[in-house]
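This report is a first guide to the structure shown below.

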Amino acid sequence: CTDERVNKVTPALFERWPTAADMAEAELGDIENSIRSTGFYHNKAKNLLATARRVQHAFAGRVPNSMSEMLSLPGVARKTASVVLFGAYGINEGLAVDTHVGRIAFRLGLTESHDPVRIEQDLMPLFPREEWGDVNHRLVWFGRQVCRARGPLCHECEMASFCAKNGLPV
C-alpha cells in the first residue's frame with residue numbers, strides 16, 4: 001500500500017499496541033481489523049503478530065540491530081530491514097530499494113534489473129556506505145516529486161541531459 005495509507009493506519013495501531021509485548025498478546029482478528037484498509041491485511045497481520053512475538057521472546061522486546069536478525073523476523077526482507085536499521089539505529093547495512101528507487105535506478109541506466117536485491121547490489125558500489133540511508137530518502141522523494149511512475153517531469157529534471165530514460169516512451 002502507499003506510504004500515505006500506512007501513515008493513516010499506524011497511529012491507531014501503535015496507540016492500541018505501543019510495544020512488542022502488547023502486540024504479541026493481541027488477537028489476530030483485532031490486528032486485521034486495524035490494518036484492513038492497507039490491503040493484503042490477513043498476511044500483514046499474521047506477520048505483525050509473529051514478528052511482535054519473535055521480538056518479544058528472541059530479542060527481549062527490542063527491535064534487533066543487525067541485518068541477519070532483522071531478516072529473521074516474519075515478513076521482513078532487505079528493504080524493510082535497511083529502512084529500520086537506518087531509521088532506528090543509524091546503521092547503513094543496505095540501500096533500501098522500493099518502487100521509487102528501483103524505477104529511478106532503471107530509468108537512469110544504473111541497473112538493468114527489476115529485482116530489488118539485484119538493484120541494491122548494483123547501487124551500493126555507486127554511493128559511499130555512510131550515505132545509503134540518505135540516498136534512499138533522496139531517491140524516494142525524487143521519485144514522488146519528479147521522476148514519477150506516471151507523468152515524470154523530465155522537463156524539470158536536473159538529470160535529463162544524461163538520463164537514459166529506460167522504460168519511457170521516446
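## A buried aspartate

In this predicted model, D98 is buried but takes part in no salt bridge. The nearest side chain of opposite charge belongs to K79, 5.8 Å away.

Where in the chain does D98 lie? D98 sits in the loop that runs between α6 (78-89) and α7 (99-108). The side chain of D98 reaches two backbone nitrogens: that of H100 at 3.0 Å and that of V101 at 2.9 Å.

## How α7 meets α9

The axes of α7 and α9 come within 8 Å and cross at roughly 80 degrees. The two helices are therefore roughly perpendicular to each other.

## How α1 meets α3

Another helix pair is formed by α1 (residues 3-16) and α3 (residues 28-35). The axes of α1 and α3 come within 9 Å, and the crossing angle is roughly 155 degrees. Angles over 145 degrees count as roughly antiparallel, so α1 and α3 are placed in that class. The contact is made by V9, L13 and R16 from α1 and by D30, S34 and I35 from α3.

Two of these contact residues, D30 and R16, also form a salt bridge, with the closest N and O atoms 3.4 Å apart. Because D30 lies in helix α3 and R16 in helix α1, the pair ties together parts that are 14 residues apart in sequence. Both residues are partly exposed: D30 has a relative accessible area of 28%, and R16 has one of 47%.

## Other salt bridges

How many salt bridges does the structure hold? There are seven, including the one between D30 and R16. Another is formed by the side chains of D3 and R144, at 1.8 Å from N to O. This pair links distant parts of the chain, with D3 in helix α1 and R144 in helix α9 (residues 132-145), 141 residues apart. D3 is partly exposed, with a relative accessible area of 40%, and R144 is also partly exposed at 40%.

K8 and E4 are four residues apart in helix α1, so about one helical turn separates them. K8 counts as exposed, with 52% relative accessibility, and E4 counts as exposed at 53%.

## The chain as a whole

The secondary structure comes to nine helices and zero strands. Read along the sequence, the pattern is α-α-α-α-α-α-α-α-α. The C-alpha atoms fill a box of roughly 55 × 30 × 20 Å, taken along the principal axes.

Among contacts between residues at least 6 apart in sequence, 46% join residues at least 24 apart.

One pair gives a distance within the chain. T10 lies in helix α1 and is partly exposed, with a relative accessible area of 22%. The C-alpha atoms of T10 and L108 are separated by 33 Å, and the two residues are 98 residues apart along the chain.

Notes
Residues numbered from 1 in each chain as written. Predicted model: local features only at pLDDT ≥ 70, side-chain atom pairs only at ≥ 80, totals over all residues. Heavy atoms only, no water. Buried < 20%, exposed > 50% of the residue type's maximum accessible area, 1.4 Å probe, protein only. Lys, Arg positive; Asp, Glu negative; His and termini not counted. Salt bridge = Lys/Arg side-chain N within 4 Å of Asp/Glu carboxyl O. Polar contact = N/O pair within 3.5 Å; in protein donor to acceptor, adjacent residues only side chain to side chain. Axes fitted to C-alpha atoms, helices over the stretch in contact; angles between N-to-C directions. Parallel < 35°, antiparallel > 145°, perpendicular 65-115°, else oblique. Contact = heavy atoms within 4.5 Å.
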